[in-house]
Amino acid sequence: MKKIAKTAIIEDGAIIEDGVEICDFAFVGKGVKLSKGVKVFQGAQIRGDTTVGENCQIHSYAVVGNFPQDVSYKGVCGELIIGKNNVIREYVTINLPTLKQDKKTILGDNNYIMAYCHIAHDCVIGNNVIMANAATLAGHVEIGDFTVIGGLTPIHQFVKIGESVMLGGASAVSQDIPHFCLAEGNRAKIKGLNLIGLRRRFDRKDIDALKKAYTIIFRSDKPLKEAVSQVIQEIQNDKVEQFCNFILETKRGIPYDRKKKEN
């Protein structure tokens, strides 16, 4: 059974599956599909060509699926795809994509997006991501699985953030952050591995291999790509290979400080 408040506005053409609850003064546009178990709280808006997966929560005054904030927008945009079990808290904004790239803004499964966060056009967010209050993503940003973004942290357009990354609160991220790292600061720089996050997911063998790889790459005097090549030859580990490939493929660069030589 659907539970739709009398004061909610549902445009003709919206697809509302059984088990959806829509509270007072919410708005659901004609291109929207709400899957089983979705709850739309008071005053929330869902617009555009937007699909919301099962058991998501769209909290009060969030605006999901509005037009991209892009000066080239001329009235036509792509689709917003939201996976299952996401919590989208108060005043969050998630924009439709432009037609410049893959014509999709994507939010995976099991993400927790706290109040006042912004996810811009053409962003791709994985699964089990946490965005703390007022974290903001510019256009075309990619976020890997199990990453945590601290509150008040902005991320520059086209930046890629890897899997299991921890970004400190009030950081400003303008370059790519590899898988498994911890970064913070304005501008954000890599400070080490995200060991707390890694211990929750990986066994000691993988963590030890990543520690060794990190030391060679970021704590030696070798040029970055030369150090990565050494790691690939010396350490045979799937997680290390993933870590190294990210660094080799970066287009915006990796923000880190060389270890200062001791006198």
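Two strands count as paired if DSSP finds at least two bridges between them; strands (E, at least two residues) and helices (H or I, at least four) are DSSP runs numbered from the N terminus. The structure is a predicted model, in which local features need pLDDT of at least 70 and side-chain atom pairs count only at pLDDT 80 or more, while totals for chains, interfaces and linings use all residues. Residues are numbered from 1 along each chain as its sequence is written, and side-chain values use heavy atoms, with hydrogens and water left out.

**View 1. The hairpin of β26 and β27.** β26 and β27 pair in the antiparallel sense through 4 bridges, and C181 has L193 as its bridge partner in β27. The hairpin has 4 residues between its strands, and G185 adopts a positive phi near 110 degrees. Strand β25 (residues 166-167) runs parallel to β26 and is joined to it by 2 bridges, with M166 partnered by L182. In a regular strand the side chains alternate between the two faces of the sheet. In β26, C181 and A183 make up the covered face, whereas L182 and E184 make up the uncovered one.

**View 2. The open parallel sheet.** The sheet contains 8 strands in the order β3-β6-β9-β12-β15-β18-β21-β24, with parallel pairing. β3 (15-16) and β24 (160-161) each have a single partner strand and stand at the edges, so one side of each lacks a neighbour in the sheet. Within this order, β18 (residues 124-125) and β21 (residues 142-143) are joined in the parallel sense by 2 bridges, and I125 lies opposite I143.

**View 3. Pairing of β8, β11 and β14.** Strand β8 (residues 45-46) runs parallel to β11 (residues 63-66), with 2 bridges between them; Q45 stands opposite V63. β11 also pairs in the parallel sense with β14 (residues 93-95), over 3 bridges. There the bridge partner of V63 is T93.

**View 4. The largest nonpolar core.** A nonpolar core is a set of buried Ala, Val, Leu, Ile, Met, Phe, Trp, Tyr and Cys residues joined through side-chain atoms within 4.5 Å; buried means under 20% relative accessible area, exposed over 50% and partly exposed in between (1.4 Å probe, protein chains only). Of the 73 residues in this core, L34, M131, L137, I155, I217, F218 and F243 touch the most other members. Elements that each supply at least two of its residues include β12 (79-82), α2 (204-218), α3 (224-234) and α4 (238-249). The largest share, 8 residues, comes from α2. Contact means heavy atoms within 4.5 Å; leaving aside residues up to four places away in sequence, F243 touches, among others, F180, C181, L210, Y214, I217 and F218.

**View 5. D206 in helix α2.** Apart from residues up to four places away in sequence, D206 touches N237 and K239.

**View 6. Cysteines C77 and C123.** With a disulfide defined as a pair of cysteine sulfur atoms within 2.5 Å, the count comes to 0. The sulfur of C77 is 14 Å from the closest cysteine sulfur, in C123, too far for a bond. C123 is likewise in no disulfide, the nearest cysteine sulfur being that of C117, 12 Å away. C77 is partly exposed at 22% relative accessibility, whereas C123 is buried at 0%.
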